[in-house]
Amino acid sequence: MAYDKFNILTSTAVPLPIENVDTDQIIPARFLKATERKGFGDNLFRDWRYHPDGTPKTEFPLNDQKYTGKILVGGKNFGSGSSREHAAWAVYDYGFRCVVSSFFADIFRGNCLNIGVLPVQVSPEFLQKIFQAIEADPTTVLEVNLPDQTITLLSSGAQERFDINDYKKGNMLNGFDDIDYLLNIKQQIGDFAQDTPL
């Protein structure tokens, strides 16, 4: 399933300064019955966003109207816990295209990259700069430049580089998942198979 190409994302951000956010908090297990990627955004952080009676918890950042944007800024060790793909699906379906943290669980990072959410790992110091900037001004804008692999606080010019696997970077720039990538090189695969003796 192809997704929108990711090149340069310039956006405000939603801060979630909580460490060790696991996948059961991102999308509780009771919402994992669906097999398609759609509809999970409504239940992103469900138990943190809503009271048992379904009313919103006004103090939670996703319910605070002063925070908007396509970037979610989380605390250290974001996406730990189970390997459920649904956690990444919920982040994407809610509308986030990038998650920033000082450390990601490997499986969550991979699941994000497979569906078009860019996990940007920054130093703890730079993460604190981002949180402080958003706290001072919720309209703070971040620029996430995938070709250059940089993230910049536009208000101050503070910038840091981030790492990404070349294959996954190429897929995100083209809006490909793994199947799209193989379909894109179908001709080359066929040529190789034809020219390679059994």
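**Entry 1: Met 172**

I started with Met 172, which sits in helix H6 (residues 166–174). Helices here are DSSP runs of H or I with at least four residues, strands are runs of E with at least two, and both are numbered from the N terminus. Before going on, I noted that this is a predicted model, where local features need pLDDT of at least 70, side-chain atom pairs count only at pLDDT 80 or more, and totals for chains, interfaces and linings use all residues. Residues are numbered from 1 along each chain as its sequence is written, and side-chain values use heavy atoms, with hydrogens and water left out.

Is Met 172 buried or exposed? Its relative accessibility is 0%, so I put Met 172 down as buried. Buried means under 20% relative accessible area, exposed means over 50%, and partly exposed lies in between (1.4 Å probe, protein chains only).

Next I looked up what Met 172 touches, leaving out residues up to four places away in sequence. I found Tyr 3, Lys 5, Phe 6, Arg 97, Leu 113, Gly 116, Val 117, Leu 118 and Leu 146. Contact means heavy atoms within 4.5 Å. I also checked Gly 116 by C-alpha positions: Gly 116 and Met 172 are 6.1 Å apart in space and 56 residues apart in sequence.

**Entry 2: the sheet**

In what order do the strands of the sheet lie? I read S4-S3-S2-S1-S5-S6-S7, seven strands in an open sheet with mixed pairing. Two strands pair if DSSP finds at least two bridges between them. S4 (118–121) and S7 (159–161) are the edge strands, each with a single partner, so one side of each has no neighbour in the sheet.

I then followed S5 (residues 141–145) and S6 (residues 150–153), which run antiparallel and are joined by four bridges. Leu 142 stands opposite Leu 153 in S6.

**Entry 3: H3 and H4**

I turned to helix H3 (residues 86–94) and helix H4 (residues 106–115), whose axes are 8 Å apart and which pack at an angle of about 50°. Axes are lines fitted to C-alpha atoms, for helices over the stretch in contact, and angles run from 0 to 180 degrees between N-to-C directions. H3 gives Ala 87, Ala 88, Trp 89, Val 91 and Tyr 92 to the contact, and H4 gives Phe 108, Asn 111, Cys 112 and Ile 115.

**Entry 4: the whole protein**

Last, I counted up: the protein has eight helices and seven strands, and 46% of its 198 residues are buried.
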